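Me: I would like to learn how to read salt bridges and a metal site. Please take me through an example.

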Amino acid sequence: MADRFRTWALAAACAFALVACGGADKTAPVAKDADSGGSLKGDMGPPQGPDIKAVVTAPPMVPPATGRKTPARVIVELDVVEKEMPISEGVTYTFWTFGGTVPGSFIRVRQGDTVVFHLRNMPDSKMPHNIDLHGVTGPGGGAASSFTAPGHVSRFSFKALNAGLYVYHCATAPVGMHVANGMYGLILVEPPEGMPPVDREYYVMQGDFYTTGKYREKGLQPFDMEKAIEEHPTYVLFNGMEGALTGDKALKANTNETVRLYVGNGGPNLVSSFHVIGEIFDKVWFEGGTRYNENVQTTLIPAGGAAIMDFHVEVPGSYMLVDHSIFRAFNKGALAVLKAEGAERKDIYSGKEVDAVYLGDRAQPSLAAVEKATEAASTGALTVEDQVKAGQALFAGTCSTCHQPEGQGMEGVFPPLAKSDYIAADPKRVPNAILHGLVGKVTVNGKDYNSNMPPMNQLTDDEVANISTYVLNSWGNPGGHVTKEEAAAIRAAKPANASEGH
Ligand SMILES: [Cu+2]
């Protein structure tokens, strides 16, 4: 009896609340009966009209909307290409790709379409490959039907029954290795009514990479299976290369535009806490599905998952796309830039343009000087001038945060590197300070400093040599140069006044 009364009272309260809501604001969102119907409603009958060849695009571009109101037969042709490409400045990696890029070509179809997939494995490939599309209904997602030896083509078809943004990836054993080498991309299955139109659409995909060498260690870097199993990536990247979307290659937009990002996470291991510094997502179709959330700061993208996000751009400037597991952004490469142009809106934001504090050495349009120095070093033609230029590019953000862009230091806090009598007395003090840090009292140009410089031993021997050489040849310092071998020797020998860090 008491129970029944409680149920009745609850129902009455709910009904009352609903009426009150509806009466107060006609535009308030109503609980939609918006069940999309899933795959049950995805079969829209046989394909109509002539076959359509899918437009596929290399990242960061997205194919145009299908614009169709009826299902079609869509032919997708994708080539598997194994090739060496840069993964960072002066660092290369042998990627395995869908369509020659990491991530692979973006595919766009409409719910109800019949997709006829042609997967070609190039003759110069060393490995067999296949494809598992998360948008496929059927065992293996296409993998079992698409095993393709080098020089062969395989063909299979599927009906895209569910709308959404889906990851595709290679699923040939060892699967983790194929994914780690860059074998993933996105396929968008538009809902029947299409996606709401926006001004710009971009394609960004995160991945973690495992090389035997350290972060930014130069040259061709082999895959490191042990690091991959331990889930200790050397690089975490957007679009397969550190700097793929910075400098000249930054994503572009104008103020007063709405930007849509289709963001995937290939993994193989890490989950992404995807965030745009200085923006709030107006909408996020979380997990790439049908519902959207609004007003989101950071969205979680699982390995093998995706999300769609829209934001309207009001204020011009640089917006950084990061994995907010923030060491990945600043020490493993997970950083891209969207550059928005347009008139200032001081009424919305009075602040200044994001500067070197955030961008670090990526504030430079490119680290081309670093690459040139690496090349010269490999042919034995490295000059002091090459080293100075490379060192200059690296000094920005690495050292300039504290010692200031012109090495002038900051009174009472950071000693000057410019015309430093401390450096002049022993030039080796520069690489020593970089590799081991510095604690205790130092006197520079007659002024005492008693502070703590943390060691920057994440830098490679090349980088230490080049930064040191730049400092020695700048701002009235005595000149000279530091070689990679000297840097390595100094790394191995720890002085008494080394810093333990903070
Ligand atoms: Cu593969």
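Me: Which residue forms a salt bridge with Lys389?

Reply: First, the basis: this is a predicted model, where local features need pLDDT of at least 70, side-chain atom pairs count only at pLDDT 80 or more, and totals for chains, interfaces and linings use all residues. Residues are numbered from 1 along each chain as its sequence is written, and side-chain values use heavy atoms, with hydrogens and water left out. A salt bridge is a side-chain nitrogen of Lys or Arg within 4 Å of a carboxyl oxygen of Asp or Glu. Here Glu385 is the partner of Lys389, with the closest N and O atoms 3.3 Å apart. Both lie in helix H7 (residues 384–398), 4 residues apart, about one turn of the helix.

Me: Is Glu385 buried or exposed?

Reply: Buried means under 20% relative accessible area, exposed over 50%, and partly exposed in between (1.4 Å probe, protein chains only). Glu385 has 53% relative accessibility, so it counts as exposed. Lys389, at 47%, counts as partly exposed.

Me: Which atoms are the protein donors of the copper ion?

Reply: Donors are N, O and S atoms within 2.8 Å of the metal (3.2 Å for Na, K and Ca); water is not among the atoms, so sites may look incomplete. The copper ion has His129 (ND1), Cys170 (SG), His178 (ND1) and Met183 (SD), lying 2.0 to 2.4 Å from it. Cys170 and His178 are buried.

Me: What spacing do these donors follow along the chain?

Reply: The donors of the copper ion follow H-x40-C-x7-H-x4-M.

Terms used: Helix = DSSP H or I, 4+ residues; strand = E, 2+ residues; numbered from the N terminus.
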